[in-house]
Structures are given as structure tokens and as C-alpha cells.
Amino acid sequence: ATVSVLNCGGLAGGKTMDCPKCGAAGLRGKFCPQCGYKLPQAGAPARSSASSAQQLQTRGTMNPPARTLAGLQQPVATKRGQQIRQAMDDLDEEVFGTADPTPVRTDQLRANQNAAFSNPTGPYCKPVYEYQDIGQGYTTGPSNEQGDVYDASDRNILCLDVLGDECVVGGTDHGLRVYDLKRKREAKNLYTKKFGHTDWVTSCAYLADGRILSGAQDSKLCLWQKAGVRCTDLLGHTASISQVTAHGDVAISASYDRTLRIWSCGPRGGDCVATLSGHKKPVMEFLWAHSTLVSGDRAGAVRAWDPETATCVGVLSAEGDRDRGQCSALGWYLGDEQQCVMAGDQTGRVRAWDLRIGPKAVKEAMLHPGGAVTGIKSTRDYIVTCGADKKIHVVDPASSTPLQTIGTHKDFIYSMETIGDKVVSGDGQGWLLVHDTHTATCHYGLGANKAAVRCIKALPDRLVVSGDDGSAVSFDM
């Protein structure tokens, strides 16, 4: 079988160019499809040496990047597309083999969920977001609209996490940088010849004691010591890491090798204590809420797991179910009467499951027709979704009906967070907008990036964002 690699970020017209790094010829767009190198753009302004304040004045005013969410692959329906998909399936089997799936024990699902929501304790139980009072800056704007700018890289930033007054970012330059947000300076650069990653850093997370766990396309996890620039390599995955998260000294990772792994990260390093297998396609993301994991893969399959017993407790959506395409977003809602997990796909649909009842979806709604669902979050009263159709919906949890529709963004929405009754969203033009979920009022907008805003971390007194121009910005709220 022949597999063609398409440059989905290419422009419809214009001259082609050669990659200065690997020599690939006849390229269009922003990135080389062979090595990922950021290509020079015709007419693009040179990187300015002006002050941070001067740079921020131009943020959010540039044209939309050519590589947008419109390039997300839609479900394959043509005969030729089905042949290509079958060839990719065969290639996956050849590369990764067929792992023994984790046993499915649906009889535990209801009991596990009742116990988890009523008494969320234990090392494998991660409390979900606690609703807190937030700073006045979320309504009136930050004290400094320009923010504190940290020029981390000349390449894209793909991941971000914050712990206290410290922030870590990682991206396509293979490294991570740690910043002291209180002293407003770089604390350390987590990249050396001996320690670190050899490919794009795709995800990072703080452990409770201040250590950092990072995952990359080199298929390994790095557990970084709190002091110095040394790490322990956590090996086991055999393909790119798609996501890592941590709670206490327990961490969970997902990979393109179609598995999730649970790690015990003690003071002396990390050990894999369980491998969760059953997905037939790369696991794109997962959600860890209370004592339940929910994971989604590239074929649209969604599974629920009990991390303590390393058991699959429900197949919520099977591979190829109605040909929904990739699972593009996961979220949860925990109310007085409604308790559910949700998944969005590339057709724009959002489904919800009440895991106390069973693995069958209780609600389904087409919220973002014509584009992928790119985010699902919740507030105390509502479910909030966003998509490639440039819209944000504030949804009633009981009826799945949009109560408010926000159409302020002029480009694809790449990232979104909720805090209090506010929703913070970033788009492909670099704009960061803050809306009230009750009234759909846009409080203000910030030029937070010169390209796409990919990462948002919203805290009660601080808002930290990063994206494709290689910078991170911290706003005092």
C-alpha cells in the first residue's frame, strides 16, 4: 500500500520552497511535513528586537496562520479514503502489534462512580476543579494589559503548566523552560546534551512536590528533579506521547502506541505500575476526574477506566461508531443532579454519559456543525463548548440545549478554559477573549500571541497563556 503525506497547512497558491533543514522540496505552508521545521514565510516580518511592551502592541493583529483547525481530517467516506484508512490500520498492526486488551468489567461501573463522586479520596482519585472566588481582573481586565512576556523559543509552544509562582512550557524546539513568575525571570532551561528530549515536547505537568513530568514525540517521559537540570527517563511507550497529567505522586500518560500507562513517581524515580490497553488507534487525550479515567482515540472510540484496579469499566463508544472521526475533546460536568463525562468529535457532535447509569450515552447534540469540537469545559451552572466553527456555546446540562452562543472570535478557537462564571478562549489570530457565561458579554480582549493561542492556564489570581509565536505571557488578575 502507498501512503501519501499531504501538507495540510499549505496555501492554495503561491510559490513553493525547499526546507532549509532537511532539503525537502516543493513545500507550501508554514511547516515542513518531513521534519516539522518552521519554514520562512514570504513577506513575514523579521523577529523584532523591540521591548516586550512594543512587541505586545502588535500582538493579535497579524493575519491568521495558514495551519488552522480547518486542516483536521474529516471522517473518510470515499472508497479511496477507506483504502487508505485500511492501509494505515495494517501499518499500525505491523508497527505496534496487537496488545492483550485490558479486561472490561462493566459491572463495576455504577458502583465505582457512586463511590468516587461521594468520597473522592485515595492516591488514584484526582479531585476535579473546585469552584473558587476569582480576581476582579477577569471582569475588568488585568492590572497590566501587556502582561509579563517570556520569550521562550523561536518555535511553537505546545504545552504549559503552572504550580504556585512557577511556570513550565515545552514545544517544538525539544526543550522546556521554567519561569519564576514572581521574580519575572527564567529559572532554568530543561535541555542538555545528556538529559532531556530529542523531539517535540507535547505535554508537561507538575507533580505536587514541584518536580516536572514531560512527554514528547521521542516516546519517552522525563521526570525532572526539582533542583538542577537532571531527569530520569521513564520508558515503556513505543510511540509519541500525546498527554501526561499528575496528581500527588501518581502520573498517567497516553500515547500513539494505543495505550495509557500509570506511573508511581516516588522520590527516587518513576515506575510503571499498570498498562491500560484496548484502544485500536492512537490515544489522543484522556480525562482524569475523581477515580475514573476516560480516554479517546483517533478512530473516535471512548473508554472508561478504573486507574486503581487498572480495569476498563466501560466501552462508551466503539471504533468507527457512526464514523465520527477523531475524538477531539473530553470534558466533565458535576452538578447537584447531573454528573456526566462528555466527548466531542470531528463532526461537531458532543455526547454525554452518566457513568452511574452505564456505558450508554444519555445525551447527544450537534453543537458545532462543519468542524471539530475543540474544547469542553464546565462552570458551576453550565457546560461550555467551543469548536472550529469559531463559536462558543453555553449549554444547559439538563437539556443539552445552548442557552448562549458566543460568536465574537473571527478565527478558529484553539484553546479554552473556564474559571468561576467566566470563559477564557484563544484563537488562531492570537486573541484572548474573556466572556461571562450568564450573559455572553465579552468583557475584553487581549492580544496574547502573534499566532495561535494553544495553551491557557486560568488561576484565581493569574492567567498564563502561550502559543505558536514561542512566547508565554502572564497576566496579573
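**Reading cavities, a sheet and a buried residue**

Q: How many residues in the lining of the largest cavity are nonpolar, how many polar and how many charged?
A: In this predicted model, the lining of the largest cavity divides into nine nonpolar residues, one polar residue and three charged residues.

Q: What shows where empty space is left among the atoms?
A: A probe the size of a water molecule is rolled over the atoms, and this shows where space remains empty. In this structure the count comes to four cavities of 30 Å³ or more. The largest cavity holds about 110 Å³ of space.

Q: Which residues lie closest to the centre of the largest cavity, and which elements give two or more residues to its lining?
A: The lining has 13 residues, and the closest to the centre are Val350, Ala352, Ile383, Val395 and Ser400. The elements that give two or more residues to this lining are β19 (339–345), β20 (349–353) and β21 (363–366).

Q: Through what do the strands of a sheet pair?
A: Strands of a sheet pair through backbone hydrogen bonds, and the pairing is either parallel or antiparallel. One case here is an open sheet of four strands with antiparallel pairing, in the order β14-β15-β16-β17.

Q: Why is one side of β14 and one side of β17 left without a neighbour in the sheet?
A: β14 (283–289) and β17 (311–317) stand at the edges and each has a single partner strand, so one side of each has no neighbour in the sheet. Neighbouring strands of this sheet are turned by 20° against each other on average, direction ignored.

Q: How many bridges join β14 to β15?
A: Six bridges join β14 to β15 (residues 292–297), and the two strands run antiparallel. Within β15, leucine 293 is the bridge partner of tryptophan 288.

Q: Does methionine 416 count as buried or exposed?
A: A residue counts as buried under 20% relative accessible area. Methionine 416, in strand β26 (residues 413–419), has 7% relative accessibility and therefore counts as buried. Of the 477 residues of the protein, 53% count as buried.

Q: Which residues does methionine 416 touch, not counting residues up to four places away in sequence?
A: Methionine 416 touches Gly375, Ile376, Lys377, Val384, Thr385, Cys386, Ile392, Val423, Val424, Ser425 and Ile456. Methionine 416 and lysine 457 are 41 residues apart in sequence, with a C-alpha to C-alpha distance of 9.1 Å.

Q: What share of the contacts with a separation of 6 or more comes from residues 24 or more positions apart?
A: Residues 24 or more positions apart account for 49% of those contacts in the protein. The protein has four helices and 32 strands.

How values were computed: Residues numbered from 1 in each chain as written. Predicted model: local features only at pLDDT ≥ 70, side-chain atom pairs only at ≥ 80, totals over all residues. Heavy atoms only, no water. Pairing = 2+ DSSP bridges. Axes fitted to C-alpha atoms, helices over the stretch in contact; angles between N-to-C directions. 1 Å grid on protein atoms, 1.4 Å probe; cavity = no way out; pocket = protein on both sides within 12 Å on 5 of 7 lines; lining within 4 Å. Points joined across faces, edges and corners; volume = space filled by probe spheres on them. Nonpolar A, V, L, I, M, F, W, Y, C, P; charged D, E, K, R; others polar. Buried < 20%, exposed > 50% of the residue type's maximum accessible area, 1.4 Å probe, protein only. Contact = heavy atoms within 4.5 Å.
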